[in-house]
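Biologist: I'd like to learn how to read a structure like this one. Could you walk me through it feature by feature?

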Amino acid sequence: MDVEVKQQQALMRSLRVFVDALRDIKKTEDPVDVHRDVVEAVRVLCASSETQDRSQYHDEAWRRGLVPIFQKLCLCMTRMEALETQERKKMGPQTSQQAEKPKAPAGLLSLRDYSVLQAAVELLFCWGAYPRVVAGVLMPIEKRRPTRTLEISKDVLMWGYRGYSRVIVDGQKTSEETSNELLHITQALLQLLSLPQFQLILLPKYVVELLALLVYGEVAMDTQTPTPVQTEFVRLREMVLRVLPLRMSMSSLRAALGQATPAASEQAVGQRFKARCGNLLSRLLMEDGGIVATIEMLLGAVDGGNTQARMQVATLICQCPSGEDPEKYARAVCTQVRELLLAAVTAEKGNTSSKLLGEMAALLADQLATRHPVLFDTQILAKLFHPLLIYEDSRVDASTPSGETNGEAALTHCVEIARLLLCGPPPSQRFLQAFAPLVRPLLHMYAFAATSKSFLATPLRALLSVWIRSCSSASLLLQVAVLPVTLPLQPTLTACGYQRKYNQESWRPLRQFCAGGGGGISLRLVQGSTLAADEEDATDSLKVLIMPLVELLGDKELENSEVVGDLFSSLLLTYMQVRKHGSEGLTLIDKREDAASPLALYESMKNPTSAEGIEMVLTLLLALIECLGPSVLRSAATVLQCIGTVLETYNTPAMKLVDKEQQEGNTMPSEDAEEEEEGDEILTICLGVIMTILEAGSSHRSNAEEQQLRAMLPVLEVLSRHPRPEVAELSSNARAQILSRGAAENTCTSTTIEGEKSFEDVLREAEQDLSSELVPLRARGVVTLTKLVRRSHIHAHDAEWAPRVHALARVFLLHVYDSESYVFLAAIQGLAALADAHPDVAIPALVKALLDSSNSLESRIKLSEALLFSAKRCGETLPKYGKLFVYAYLDCIRPPPSQRKHVKRMQQEAIKRVQLIQEVGSPGSKVEETAHSADEPESEQKLLAAATLRASCLSNLAEVCALLQWGLQPFLLDILTCVFGVLQMELELAVKRRPASDNESDERQQLRQHREEEEQQRVVAVRRGAVFVLRYLVELLGWKMLELMSDQLSPLYHTLKHVARVDRDRVVVFHANRALGALDEVMRAELFPRVDQQDAALGISSLRIL
């Protein structure tokens, strides 16, 4: 062993000398010196003569230097390991003293040797492998991030690539020679990095490069039959993928695929490289554990609440890649999803990774049910829910979980899996419909759990509530679940061995739920004696289901669901049909063999064909009415549907055999007369409800409600000829009301929707209300005109309505001045509605009224608010009117005329203060100050109102800017100029303070201080509005500000810093600091994006979908 140790030391000594020589080469401006020093180091390593051609040293560096040294080092270390193993066998087991003081391996390297060896590996990759790969496949050498201990300059690392490029230019090498050289280099790297000493330290750092080289060597040459070099590359790649952990293999292949630049896709070899990497990733995903590795790789660093990212990954996994067999791929995915679901319900509590895998398994199962329904039924539904599917199986010897305890555990797992699938992200309708065979077993299991106080009652209630709330066909499946009939089974499940007997007279299950030993539920086979006793009443087990089902439908989770109303309507329709036709009139249409969808199998089963079935329908119907009451009718469409069902039932008398005998004998028993009278009363009540809905209800209804109303027209036409006068009259009136609902759309433009009144009549009546002294009448007049405006949107481009719009605008503007808040707020809403219905006419009129200085300041403040409401209603058309809104507010933000001279003087004084000449005590200045003070307005209230108007316009301008988004760019410079000017001007006004004289009395000082505080109040209001605009722009625009206002970022920052530092008002400083904080976040996100370290090194996103 001493010989091998000495050889290893000699090899490492030569590598240390070589690496140290290269580290001594610093980055200089002269590349000739770098080339000379590198060649000298290579010559020493290879022991070459000085007379050799220096142009070939880049080839000699790996051919005679690094590769042979690596090969000898691998052979030496392998021999030492074998000798050490033999020596341990000879010595036998270690004693306790030897175990306490373990001996270091003979070939163990020092930390410096590891650093030198890693530098040599990096040099071999950069000088040997990288130049022989097409540009764009590997990460450029300039972007590589080696360890800190490398300490070799980029010029030295690029030396081999530059020398190889000159050789390629001078004389072309064949692709076969290049591939052969790449194979030798890759073999040396792989042989060295696969040694036990380097597998944990060096191999993970170069596994991406190794896999990229192996895949590239396989596809570098486009040949019909693989060459020996390509075959060796394939063998090495298979060996590496077999040795590496699955997650490392997939992440490395994905990284190799991600580091390829778009330039590689323009070449044929780059396209083959990417296709091969994708094919290998798909193949690895199909292996056991591939989905788990993919999920952890793509979602390991994603926030837990990012459902969108999880759905994208689930869609990606379920999409079959090109070149793979769809059936084989789907089966592999189904197998892994099934194992994931089983692992999720048996995993340890608190394991976050198992929670992620469980949620992803639910999303994958949803995708499989949508894309591959047959495989979902056979591979997932039939195998995971076997205990529930055999509940109604007709085979006595059907396989059941062995032992009561195992049956209890199996059913508990079924419940947990169903809850995981249903109570996660919103499932699709196809996925919910696939659970149709499990609905009745789950309902019966829940009924038993609720009555026996089992702990499974809570999860069963939760999953059934989610299914009932989400499934669009829940009412159909719930109705057939309570009928004493054998429910059909999909052919896909029948092919799995499950059986049903459809020809038996009544439903008698061979199994029933019972209490488990651990507080759960188990499934047992019904004994023969018990089965014979139950034949007397086959509906007992179904009657037990009624009350738990009704309590479930009354759960808080189903308060806003329409399933209860749909079930009630369906049950009521079934009952009415039985009452009208009798049980003989309801025939069962068997579509079990020709059903195109799972729901088609159940549609023909919902009508009962036996007395027991009719009894169950009536029992459930009465239970819903008694327990839930009016809450069963949770929507107008449900109410109309129920009323239509009743009307259709009682529109004609029922013709039974006893009725025919009565016609022949001309006798009318009292019972039949009572039934007829009862039917007429029901008709009268229902028709009265319809008239109330039509006359007092909403005039605008949904399409479903309108269809329900129009579906009543044929029945109402029959009932309009009813012998009872009140029924006929109500039917005729209801029919006329329904037919006239759409007549308003065909009226001419001179009339409104309200009857035959013209626009002038409605306006005249509204003006009469508006002239009243009573506040409710004035408010009614404004609301009437607002309704008229909202109904006039169909005349938006009608020239006849232009003067009407102006007339309406004048009325609304007139009542903006109303003293009652209810009236002037309604007028503001009317103006906004007018601008929404007729923007081309109303918005300019509104802007003109806002800019009219003859209007009072209070009214202009209200108009500013109305203009903001109009902007919010413009929606996507706001950029068309953006100029009107922006410059209207900018004009109002400008100082009032009475203050402009004062502002100008203060700006001049601010300029003078920065000069060296001081003229503070000159008499002329005092005279000038007195003259200016005489020009100031006398009314402090007017100045305060003007400041309030400006502050209101600034606040509204900020919201308009946020609404405009990208449409703000044409006006951005004017807005910022105005805001910057206001801040600079108002800051100078705030800074000025009069010094207190010594001989001034206390009373005069207090009076002067009070005047300054009033003056400061109006100044502060404007400053707050101005800095609020800047804060709003920065916070709401976010990163968009970098595109919209890149040139204004510097003055924006300096202005905000100055305001935050100088201003004395806490609110202004607060807004400025918030704006600075938001600006800081935007710039930090732009300069330092948060991405995963590995993906950042590779230049790809951590959520990149391939």
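Modeller: We'll go through the cores, the aromatic pairs, the salt bridges and one record entry. Keep in mind that this is a predicted model.

Biologist: Let's start inside. Which residues have the most contacts inside the largest nonpolar core?

Modeller: The general idea first: in soluble globular proteins, nonpolar side chains tend to be buried together. Here the largest nonpolar core has 231 residues, and Trp127, Phe385, Trp467 and Leu647 have the most contacts inside it. Take Trp467: beyond its neighbours within four places in sequence, Trp467 touches Leu422, Leu432, Phe435, Val439, Ala474, Leu477 and Leu478. There's also a second, separate core of 89 residues, with Ala833, Leu834, Ala871 and Leu957 among them.

Biologist: And the aromatic rings? How many aromatic pairs does the structure hold?

Modeller: Nine. To read a pair, look at the angle between the planes: over 60 degrees counts as edge-to-face, under 30 as stacked. The rings of Trp127 and Trp159 sit 4.9 Å apart, centre to centre, with planes at 65 degrees, so that pair is edge-to-face. Trp127 belongs to helix H5 and Trp159 to helix H7, so the pair ties together parts 32 residues apart in sequence.

Biologist: Is Trp127 buried or exposed?

Modeller: Trp127 is buried, at 1% relative accessibility, and Trp159 counts as buried too, at 6%. Now compare Tyr391 and Phe513, a stacked pair with 4.7 Å between centres and 20 degrees between planes. Tyr391 is in the loop between helix H20 and helix H21 while Phe513 is in strand S1, so this pair ties together parts 122 residues apart in sequence. Both Tyr391 and Phe513 are buried. Rings can also form a cluster, as Phe376, Phe385, Phe431 and Phe435 do through ring pairs.

Biologist: What about charged side chains?

Modeller: Look for salt bridges; the count here is 29. Arg235 and Glu232 form one at 2.5 Å, N to O, and both lie in helix H11, three residues apart, about one turn of the helix.

Biologist: Which parts does the salt bridge between Asp1065 and Arg1024 tie together?

Modeller: Their closest N and O atoms are 2.9 Å apart. Asp1065 lies in the loop between helix H51 and helix H52, and Arg1024 in helix H49, so the pair ties together parts 41 residues apart in sequence. Asp1065 is buried, at 13%, whereas Arg1024 is partly exposed, at 33%. Elsewhere, bridges that share partners join Glu218, Arg237, Glu238, Arg276 and Arg283 into one network.

Biologist: Which residues does UniProt list for the C-terminal domain?

Modeller: An unreviewed UniProt entry lists residues 764–877 and 1049–1081 for "domain: RNA polymerase II assembly factor Rtp1 C-terminal". In the model, residues 1049–1081 are 91% helix and 0% strand.

Conventions. Residues are numbered from 1 along each chain as its sequence is written. This is a predicted model: local features need pLDDT of at least 70, side-chain atom pairs count only at pLDDT 80 or more; totals for chains, interfaces and linings use all residues. Side-chain values use heavy atoms; hydrogens and water are left out. A nonpolar core is a set of buried Ala, Val, Leu, Ile, Met, Phe, Trp, Tyr and Cys residues joined through side-chain atoms within 4.5 Å. Buried means under 20% relative accessible area, exposed over 50%, partly exposed in between (1.4 Å probe, protein chains only). Contact means heavy atoms within 4.5 Å. Rings of Phe, Tyr and Trp (its six-membered ring) pair if their centres lie within 6.5 Å; planes under 30 degrees apart count as stacked, over 60 as edge-to-face and the rest as tilted. Helices (H or I, at least four residues) and strands (E, at least two) are DSSP runs, numbered from the N terminus. UniProt positions are given in the numbering used here, feature names are shortened, and annotations may be inferred rather than shown by experiment. A salt bridge is a side-chain nitrogen of Lys or Arg within 4 Å of a carboxyl oxygen of Asp or Glu.
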